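The following exercises concern a single protein chain. Each sets a task and then works through the solution step by step.

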Amino acid sequence: MQRAKEKQKSPWYDYLILLCFAFFTLLFFTKSSPLFYLNDWVDSNAYFTVGKGIIHGLIPYRDLFEQKGPLLYFIHAGAYLIERKNFTGVYVFQSIGLFISLLFAYKTFTLYTTRKIALLMSLFLPPLLLITLFYRTGDSAEEFSTPFIFGLLYFTFKIIHSQTFQHGLSCYLYQGISLGAVFWMKYTLIGPWIGFFLFICCLLLIKKEFVLLLKITLISLCGFSLISIPILFYFYYHQAITDLIDVYFYFNIFYYPPTTHAFFSIIRSFVFTAGNIIKAPLILKLMLIVGLFSAFCTTVISKRLIDRLLLLTLFSFTFITAYWGGKNYLYYFLILLPFVIYAFIAALKTIKKRLINITFEITHRHLFIAIFVSMALTFMNNPLILESKIFPNNSTLVNNKQNISTKTPQTIQHIFANIIKKSNNQTLLNYGFLDYGVYTAGDFLPNVRYFMKQNISNEIYPDIMDAQNKYIKLKTTQFVIVKTKHPLKEKDVGTALLHKNYQLVADYSDKKTKTVHY
């Protein structure tokens with residue numbers, strides 16, 4: 001009766017609640033938020049610098065060397081148009097992404113319960129998705145891929161719920177678009193779509209449903225093309241297709257991964273992932289273990305073996321492609337977090353199986369309590385707010401007690417930027433390490449291709465440091481930022497020409513990271 005009444009009501013009110021909740025939540029849990037001085041994560045700043053370059057006519061890979069996907073840079077180019085000197089624009093895109101994730105989770109839950117209960121359950125996803133250990137400061141390719149994975153999981157459960165692959169072709173068009181979007185952000189994250197389409201292909205071939213397979217293949221390729229063609233045309237128009245291939249594909253495939261064999265990389269990554277689960281908060285441990293066990297090893301979610309194999313395939317391919325290169329950064333684990341939805345579905349199915357009838361009316365009071373509890377749990381797992389403007393003397397700011405004099409506490413990136421702004425020649429080189437954030441803080445546009453150094457050894461790929469040393473020799477930039485680890489000093493960094501051609505104007509010792517920036 002309650003489900004029948006809900007069908008007569010519009011779900012747009014629920015969508016609006018999720019949208020506002022997403023924007024409100026990320027105010028406190030990403031450093032891209034206006035409540036923070038600056039997102040100081042090096043990867044975020046690299047994306048933002050390249051995005052800024054796009055707006056100013058520079059072409060990724062050809063004019064600015066960075067190895068992530070072009071769509072990620074286009075997102076940051078849009079963010080730069082919203083706000084030039086901080087990450088407010090990125091916060092907007094992140095909030096939209098979180099909203100889409102919550103929306104697809106909500107739609108998934110409605111397959112098994114009422115809309116109001118689905119809404120309540122959706123509100124409890126942020127404590128699991130925004131854990132500092134994996135989420136860090138926000139703004140990763142994994143984060144922007146998460147909404148598309150939730151979309152794929154919704155479609156998967158829709159298939160399981162209806163027990164047929166014969167859904168509207170628009171569903172497969174959307175999955176093609178999702179595959180294209182994730183492929184052009186970070187192609188190692190496309191594992192769930194590889195698993196999904198391979199599974200469908202094998203199943204339909206076994207069933208000899210060739211016409212349906214052809215339709216699904218063509219419409220999915222059309223969706224993939226809707227994303228790919230504009231991107232390829234952009235690089236073709238700017239005569240940079242070769243640069244796109246050389247950096248995004250060749251560099252990432254042959255230079256960026258470790259030299260260990262792929263099989264051993266996967267084994268090592270599996271051990272690393274198990275360690276991440278052990279280190280994760282208890283609530284996430286339980287949700288992942290219970291969810292994966294319920295999906296693969298029991299009939300709780302589905303009695304059909306084929307459904308359980310599909311769920312196993314999605315998770316397995318996500319894991320394998322994400323860790324195939326052998327890198328084990330903590331934020332890589334973020335791409336696996338959408339699979340906590342398995343635990344939610346298992347709980348709903350268990351309740352339904354035991355004939356526990358949840359029919360009480362969900363009021364605004366219940367929603368406010370759910371939001372309060374969700375926020376409290378998220379604060380427990382993500383204390384990033386302690387580095388925000390709400391705490392104006394936090395550890396991310398420089399004050400007069402440190403070795404740089406400043407009237408008011410500021411980030412070191414803004415202090416360095418203000419020094420550079422006093423010069424008529426405001427050119428800068430981030431020498432020997434990843435983007436420190438000074439390009440962002442001062443709204444400086446790089447005038448060199450290798451504006452920073454990728455996280456790769458000089459022995460494997462010497463081109464970057466060879467080019468940066470050449471910039472030093474030619475005095476291509478007016479300012480240079482270098483970094484050392486204690487107890488090394490500024491004189492221990494770089495070549496003799498660096499110290500001959502440049503003089504020290506400021507330095508900062510970061511006790512948290514035990515580094516010194518000059």
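**Exercise 1. Determine which residues Thr156 contacts, leaving aside its neighbours within four places in sequence.**

Solution. Step 1: contact means heavy atoms within 4.5 Å. By that criterion, Thr156 is in contact with Phe196, Leu310, Leu311 and Leu314. The model is a predicted one, in which local features need pLDDT of at least 70 and side-chain atom pairs count only at pLDDT 80 or more, while totals for chains, interfaces and linings use all residues. Residues are numbered from 1 along each chain as its sequence is written, and side-chain values use heavy atoms, with hydrogens and water left out.

Step 1: Thr156 lies in helix α9 (residues 141-162); helices (H or I, at least four residues) and strands (E, at least two) are DSSP runs, numbered from the N terminus.

Step 2: Buried means under 20% relative accessible area, exposed over 50% and partly exposed in between (1.4 Å probe, protein chains only). Thr156 has 0% relative accessibility and therefore counts as buried.

Step 3: examine its side chain. A polar atom of the Thr156 side chain lies 2.8 Å from the backbone oxygen of Leu152.

**Exercise 2. Classify the pair formed by the rings of Trp184 and Phe249, and state which parts of the chain it ties together.**

Solution. Step 1: rings of Phe, Tyr and Trp (its six-membered ring) pair if their centres lie within 6.5 Å; planes under 30 degrees apart count as stacked, over 60 as edge-to-face and the rest as tilted. The structure holds 54 aromatic pairs.

Step 1: apply the criteria. The ring centres of Trp184 and Phe249 are 6.0 Å apart and the planes stand at 80 degrees, so the pair is edge-to-face.

Step 2: locate both partners. Trp184 lies in the loop between α10 (169-183) and α11 (191-207), and Phe249 in helix α13 (residues 241-254), so the pair ties together parts 65 residues apart in sequence.

Step 3: Trp184 is buried, at 4% relative accessibility, whereas Phe249 is partly exposed, at 21%.

Step 4: Phe296 and Tyr342 are edge-to-face, with 6.1 Å from centre to centre and 85 degrees between the planes. Phe296 belongs to helix α15 (residues 282-297) and Tyr342 to helix α17 (residues 341-353), so this pair links distant parts of the chain, 46 residues apart. Phe296 is partly exposed, at 22% relative accessible area, and Tyr342 is buried, at 0%.

How values were computed. A polar contact is a pair of N or O atoms within 3.5 Å; within protein, one must be able to donate a hydrogen and the other to accept it, and residues adjacent in sequence count only if both atoms are side-chain atoms.
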